[in-house]
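Student: Can we go through this structure together? I would like to start with the strands.
Tutor: Fine, have a look.

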Amino acid sequence: MSDIARSSLQLTYDGAALALQAAIAKAREINVPENIAVVDAGGNLLAFARLDGARFLAQFSAISKAQTAASLHMATGELPPQFGVDLAFATGSRSINLPGGLPIVVDGQVIGAIAASSGADPDDIAIAGAGRDAVLAALKP
């Protein structure tokens, strides 16, 4: 069986809701209105919030950042800038190389990703990090 199937962890809706609530709390703490998206390992949207005052077009960036972090298994914004345009072009603008998307990694396996968009890069990263960290803390024995 191990030759034709694999066992993998997946972020659930409850895990996504936990991440979303922690990210919202961080956004409110630092007073930065954000769009926040949480996806599973396959990039499927599990949870989303647009806080009052967040730029409405940034909702698409948040979702793309989360999908990109899940797909590439790395934080967004870490590729050299010249690859960002190629990445966007090759994926029909679905992948994005802007900071603020973080994979959620458990035992070396990506189980999902979270992203924030509408603030300055450090704020987006901090808010996504709060969501990721809440999931990781909940999974510790």
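Tutor: A term to begin with: two strands pair if DSSP finds at least two bridges between them. Helices (H or I, at least four residues) and strands (E, at least two) are DSSP runs, numbered from the N terminus. This is a predicted model, where local features need pLDDT of at least 70, side-chain atom pairs count only at pLDDT 80 or more, and totals for chains, interfaces and linings use all residues. Residues are numbered from 1 along each chain as its sequence is written, and side-chain values use heavy atoms, with hydrogens and water left out.

Student: OK. What do β3 and β4 form, and how many residues are between them?
Tutor: A hairpin, with two residues between the strands. Asp-107, in the turn, has a positive phi of about 50°. Strand β3 (residues 101-106) pairs with β4 in the antiparallel sense over six bridges. Within that pairing, Ile-104 has Gly-112 of β4 as its bridge partner.

Student: And how many bridges are there between β1 and β4?
Tutor: Six, again antiparallel, with β1 covering residues 35-40. Here Val-39 is bridged to Ala-113 of β4.

Student: What is the strand order in the sheet?
Tutor: β2-β1-β4-β3, in an open sheet of four strands with antiparallel pairing. The edge strands are β2 (45-50) and β3, as each pairs on one side only.

Student: Which strands does α1 touch?
Tutor: Helix α1 packs on the sheet and touches β1, β2 and β4. Contact means heavy atoms within 4.5 Å. Helix α4 packs on the sheet too, touching β1, β3 and β4.

Student: How is β4 placed, buried or exposed?
Tutor: Eight of the nine residues of β4 (residues 109-117) are buried, so this strand is largely enclosed by the rest of the structure. Buried means under 20% relative accessible area, exposed over 50%, partly exposed in between (1.4 Å probe, protein chains only).

Student: Switching topic, where is Gln-67?
Tutor: Gln-67 sits in helix α2 (residues 58-72). Its relative accessibility is 18%, so Gln-67 counts as buried.

Student: What is Gln-67 in contact with, leaving aside neighbours within four places in sequence?
Tutor: Val-39, Gly-43 and Arg-94. Val-39 is also the residue whose bridge partner in β4 is Ala-113.

Methods: Axes fitted to C-alpha atoms, helices over the stretch in contact; angles between N-to-C directions.
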